[in-house]
Amino acid sequence: MAVFNSDVIAYFSILRPINYKIFLLIFGILIVFQTYAVSLVENDKTTELDTVVFTISFLSPAIAFSAAFFVYRRYRDSRVFGRSYLALFLAFLMIFLGEVTYFVYEDVLKVDPYPSIADVFFFAFYLLVLYHIRMNIKSFYSKLSKRKTIGVVGALSVIVIVIYVILLLLNVSGSDEDINNIVGNNIFSSYGYMNILFSFDVLYGIAFVAASAATFWYSVIGIVAFRRGALETVWIILVAGISLLTLGDAIYFHTEVLGEYTFDHYVNLLWYAGYMVIVYALYKHAKAV
């Protein structure tokens with residue numbers, strides 16, 4: 001049986017049910033956006049699409065970190081929620097700073113933003129979210145073994161990395177021209193697929209996919225820990241949003257390595273949906289009292 005911290009659980013004496021109309025609204029917004037994005041591409045209005053995507057990319061994490069900061073301010077005196085939601089606020093702030101940096105590289109400096117200093121902010125997001133999840137699990141489920149948790153998360157993350165690499169290799173023909181287009185020439189250039197696996201872009205992508213996978217699986221453990229508890233509903237929604245963000249990141253790095261990412265790519269929808277779901281979770285958290 002889970003051992004819950006009574007001084008924190010008191011905040012959640014009233015928990016409102018999920019409003020599924022919110023998810024239908026989110027789905028509708030995504031359909032409208034993607035239809036609009038495709039129409040801009042078809043009408044050769046890519047500059048306008050760039051502006052729209054960058055604007056949404058700024059606003060989405062800005063709204064998320066504002067919502068997280070509101071929750072933090074509300075529970076800043078709580079030993080658990082004070083620190084954990086401060087970390088979540090900083091996590092979304094890191095994404096916002098990353099998006100701004102990405103924009104400066106792309107539109108101001110006219111330099112390829114992948115890789116760049118922006119990725120430092122994006123990677124910091126995972127570390128802060130993992131801290132947020134760890135703080136909540138540690139406080140609400142004291143019987144969970146840290147060693148076993150790390151082992152399970154690590155093993156499942158390795159599986160995700162293997163699948164990622166396999167899918168990447170299946171999308172490459174193996175020809176010298178195809179390989180060089182992705183990674184250029186390096187010391188493994190005569191070894192075909194080895195050239196891809198040991199290229200900077202692929203290893204760089206694997207690092208982010210590993211962080212995404214670890215965040216996702218740790219979040220799933222959080223759902224198990226909060227099952228049938230007062231935090232279950234809010235946590236499930238929050239984890240759903242975080243999972244959409246991390247899934248989007250994994251797909252993005254896959255498409256970026258292959259040179260297939262565009263501003264009308266469906267991966268953008270995963271990010272936008274993730275932010276909207278997270279904001280809804282934070283709203284329910286603030287209204288749960």
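Biologist: Which helix gives the most to the lining of the largest pocket?
Modeller: That's H10, with 6 residues. Helices here are DSSP runs of H or I with at least four residues, numbered from the N terminus. This is a predicted model, where local features need pLDDT of at least 70, side-chain atom pairs count only at 80 or more, and totals for linings, chains and interfaces use all residues. Residues are numbered from 1 along each chain, and side-chain values use heavy atoms, without hydrogens or water.

Biologist: Which helices each supply at least two residues of that lining?
Modeller: Helix H6 (146-170), helix H9 (200-225) and helix H10 (232-258) do.

Biologist: And what's the volume of the largest pocket?
Modeller: About 340 Å³. Val160, Val209, Leu247, Ala250 and Ile251 are the closest to its centre, out of 15 lining residues. A pocket is an open set of points on a 1 Å grid where a 1.4 Å probe fits, with protein on both sides within 12 Å along at least five of seven lines; lining residues have an atom within 4 Å of a point.

Biologist: OK, switching topic: where is the second largest pocket lined?
Modeller: Helix H2 (20-42), helix H3 (46-74) and helix H11 (267-287) each supply at least two residues there. Among the lining residues are Phe33, Ile56, Tyr272 and Met276. The volume of this second largest pocket is about 210 Å³.

Note on methods: Grid points are joined across faces, edges and corners, and a volume is the space filled by probe spheres set on the points.
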